[in-house]
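Dear colleague,

Please find the structure below, handed over for your use.

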Amino acid sequence: MAAEDLVERRSIDVVPDDERHGTAFSQFTLWLGANLQITAVVTGALAVVFGGDVVWSVVGLLLGNLLGGAVMALHSAQGPKLGLPQMIQSRAQFGVRGAVVPLLLVILMYVGFFASGSVLAGQATARLTHTDDTTGIIAFALITAVAAAVGYRVIHVLGRVASVVCALAFVYLGIRLLDRVDLSALLGDAHFDLPMFLLAVSLSASWQLAFGPYVADYSRYLPRTTSGRATFWWTLSGSAVGSQWSMTFGVLVAASSGEAFLADQVGYVVGLGGTGLIASFLYFSIALGKLTINVLNTYGGFMSTVTGISGFRGQKALSQRGRAAYIALIMVAGTAVALLGKDSFLTSFKDFLLFLLTFFTPWSAINLVDYYLISRERYDIPALFDPRGRYGAWRWDALLVYGVGVLAQLPFLVTHFYTGPLAAPLGGADISWIVGLAVPAALYWLLARRDTSHIPEETRYTLASGPAH
């Protein structure tokens, strides 16, 4: 493949048929590699750190990964059909300019995940290169930005490599961990606690749901004939298997290590494996796993920023220089947050995950109800770029439902800085994400089905009238 073919030319514009390639299986390797990584380990560990036992933490994490993973995989299945980035498609629900409201929060998410990933990857990079954490964070951020600038093809290559390398690392680490711990004692100390169980479900569900705003970005180059069902199942299986594998490892590490893991997550995990070349391989695996997901976050942040701005500027394409500038902006912001927050990582990350969930579950609910139940997969793609077209500049009904969906969760929310009044009667359990899916889904369905005049008879890919092609 020539170098010019490796560098992506598309941004938020629709991918034409002659540039489509790959199979649905590519979604499995990408999402497996993206989830076999240290931040997922920390996410699983949080279920124990905050009071859960091993058995019910693992069960809760599995339930959350399956439920949240199914939602994100439904978004993934939209990619081959439309050939568009995920958040551009949101204009059909919120309006060409109204989509900027959830987009602002999506961009915040990318910066936050870039930062949290850079903290742990920076530690691994620093130990691998014998520098300090700050230097490691900055070096890792620069590598991430370069990979994101190249684009779609290199992202999938990273996913394939990481799925193999990180799987080998986790198999080895799992064997070493099981040699150290009394597994029967950990499994025998099961005591069901509803709030802790729901915390585990919420942690993993939020992990999966946070992929929703960009998951179709990485399936949009698949041929339009690709089965939506195949895309769904390969995405779900890759993401759920990878995340559950990492999170279960995190549960066992946190339950058996006490303060040692909390003091140095990366150092402790690598210490399980040994020293010398093995330690170097494990540090490399941690950095590679984080590189895969942080490239997704940087690329997604760039896409979302362009989507938001283009709604007002009418922009459909982007130069390589403009692409580099947007990516650099995301990198600088994420690195700054990483350097500021690297000393209070665990508590901040748990609150960040649950807080983000408050804003993304209503968006997911509205997007999926509209795509599958109201529009039935039929969109006028040129109109998504025209604020005077059939979707308009602002769709106030969807924005109202989105706002109600966010507010409906607040009484049930449990974070370090805010706890809703209805959390205490539930024993401190956080069920806000369930409310955030159910309430806006029902409201949007009731409102949107009253007027379907803006829905084309079949998906339109060009400005020309007549059948889609």
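In which loop does Glu-377 lie? The residue is in the loop between α18 (345-374) and α19 (396-409); helices (H or I, at least four residues) and strands (E, at least two) are DSSP runs, numbered from the N terminus. Please note that this is a predicted model, in which local features need pLDDT of at least 70 and side-chain atom pairs count only at pLDDT 80 or more, while totals for chains, interfaces and linings use all residues. Residues are numbered from 1 along each chain as its sequence is written, and side-chain values use heavy atoms, with hydrogens and water left out.

Glu-377 has a phi near 70 degrees, a positive value in a residue other than glycine. With a relative accessible area of 31%, Glu-377 is partly exposed (buried means under 20% relative accessible area, exposed over 50%, partly exposed in between, with a 1.4 Å probe and protein chains only). His-130 also has a positive phi, near 60 degrees, and is found in the loop between α8 and α9 (133-150). His-130 counts as exposed, at 73% relative accessibility.

Overall form

The protein has 20 helices and zero strands. Its radius of gyration is 22 Å, close to the 23 Å that the globule rule gives for 469 residues, so the protein is as compact as a globular protein of that length. Here the radius is taken over C-alpha atoms, and the rule is 2.2 Å times the number of residues to the power 0.38. Of the 469 residues, 60% count as buried.

The cores and helix α16

The largest nonpolar core holds 122 residues, of which Trp-31, Phe-249 and Leu-296 touch the most other members. Helix α16 (residues 276-313) gives this core its largest share, 13 residues. Such a core is a set of buried Ala, Val, Leu, Ile, Met, Phe, Trp, Tyr and Cys residues joined through side-chain atoms within 4.5 Å. Another core, of ten residues, lies apart from it, and Leu-198, Val-201, Leu-209 and Trp-433 are among its members.

Leaving aside neighbours within four places in sequence, Leu-296 is in contact (heavy atoms within 4.5 Å) with residues including Leu-30, Trp-31 and Tyr-214. Ser-304 is placed in helix α16 and is buried, with a relative accessible area of 2%. Beyond its neighbours within four places in sequence, Ser-304 is in contact with Met-87, Leu-103, Val-106, Ile-107 and Tyr-110.

Cavities

A search of the whole structure finds six cavities of 30 Å³ or more. A cavity is a set of points, on a 1 Å grid over the protein atoms alone, where a 1.4 Å probe fits but cannot get out; lining residues have an atom within 4 Å of a point. Grid points are joined across faces, edges and corners, and a volume is the space filled by probe spheres set on the points.

The largest cavity contains about 90 Å³ of space. Of its 13 lining residues, Phe-113, Phe-211, Tyr-214, Ile-293 and Asn-297 are the closest to its centre. The largest share of this lining, four residues, comes from α16.

The second largest cavity has a volume of about 80 Å³, and its lining includes Phe-170, Phe-249 and Ser-285. Here α10 gives the largest share, four residues.

Key. On a 1 Å grid over the protein atoms alone, a cavity is a set of points where a 1.4 Å probe fits but cannot get out, and a pocket is an open set with protein on both sides within 12 Å along at least five of seven lines; lining residues have an atom within 4 Å of a point.
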